[in-house]
Amino acid sequence: MAQKVSKDMNIMDILQIDEGLAPIFMEAGMGCLGCAAAHFENLEQACAVHGIDADALEGKLNAYLEAK
């Protein structure tokens, strides 16, 4: 069973689940891979900073994982 992403998870922890999640962040306008904040911000906080709907992004990330 695939691991699920939640809004309270740290960005780097999410990216470690599956490297295929990185393009989803990039498409959403979040260059999280090189950002120092990715080590301490959770998904909800990062979305707030970038003006992105956290629920929608969480859904896209989980849809990717479920499809694998």
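This report looks at one helix, the salt bridges and the nonpolar core of a predicted model.

## Ground rules

Local features here need pLDDT of at least 70, side-chain atom pairs count only at pLDDT 80 or more, and totals for chains, interfaces and linings use all residues. Residues are numbered from 1 along each chain as its sequence is written, and side-chain values use heavy atoms, with hydrogens and water left out.

Start with helix H3, residues 43-50. Helices are DSSP runs (H or I, at least four residues), numbered from the N terminus. Which residues of H3 are buried? They are Leu43, Ala46 and Cys47. Buried means under 20% relative accessible area, exposed means over 50%, and partly exposed lies in between (1.4 Å probe, protein chains only).

An α-helix has 3.6 residues a turn, so residues three or four places apart point the same way. On the other side of H3, Ala48 and Val49 are exposed. The cover over the buried residues of H3 includes helix H1 (11-17), helix H2 (22-27) and helix H4 (54-67).

## The ends of H3

At the start of H3, Asn42 reaches in. One of its side-chain oxygens comes to within 3.1 Å of the backbone nitrogen of Glu44. Just after H3 comes Gly51, with a positive phi of about 70°.

## Three salt bridges

How many salt bridges does the structure hold? It holds three. A salt bridge is a side-chain nitrogen of Lys or Arg within 4 Å of a carboxyl oxygen of Asp or Glu. Side chains of opposite charge can pair when their charged atoms come close.

Glu66 and Lys4 form one of them, at 3.5 Å from N to O. This pair links distant parts of the chain: Glu66 is in helix H4, Lys4 is in the segment before H1, and they are 62 residues apart. Both Glu66 and Lys4 are exposed. Asp55 and Lys7 form another, at 2.6 Å from N to O. Asp55 lies in helix H4 and Lys7 in the segment before H1, so this pair ties together parts that are 48 residues apart in sequence. Asp55 is partly exposed at 47% relative accessibility. Lys7 is partly exposed too, at 21%.

Asp18 pairs with Lys68, and their closest N and O atoms are 2.7 Å apart. Asp18 sits in the loop between H1 and H2 and Lys68 in the segment after H4, so parts 50 residues apart in sequence are tied together. Is Asp18 buried or exposed? At 12% relative accessibility, Asp18 counts as buried.

A nonpolar core is a set of buried Ala, Val, Leu, Ile, Met, Phe, Trp, Tyr and Cys residues joined through side-chain atoms within 4.5 Å. The largest one has 20 residues. Among these, Ile14, Phe25, Leu43, Leu57 and Leu61 touch the most other members. H1, H2, H3 and H4 are the elements that give two or more residues to this core.

Leu57 touches Ile24, Phe25, Ala28, Met30, Leu43, Cys47 and Ile52, leaving aside residues up to four places away in sequence. Contact means heavy atoms within 4.5 Å. Asn62 lies in helix H4. Asn62 is buried, with a relative accessible area of 7%.

How values were computed: A polar contact is a pair of N or O atoms within 3.5 Å; within protein, one must be able to donate a hydrogen and the other to accept it, and residues adjacent in sequence count only if both atoms are side-chain atoms.
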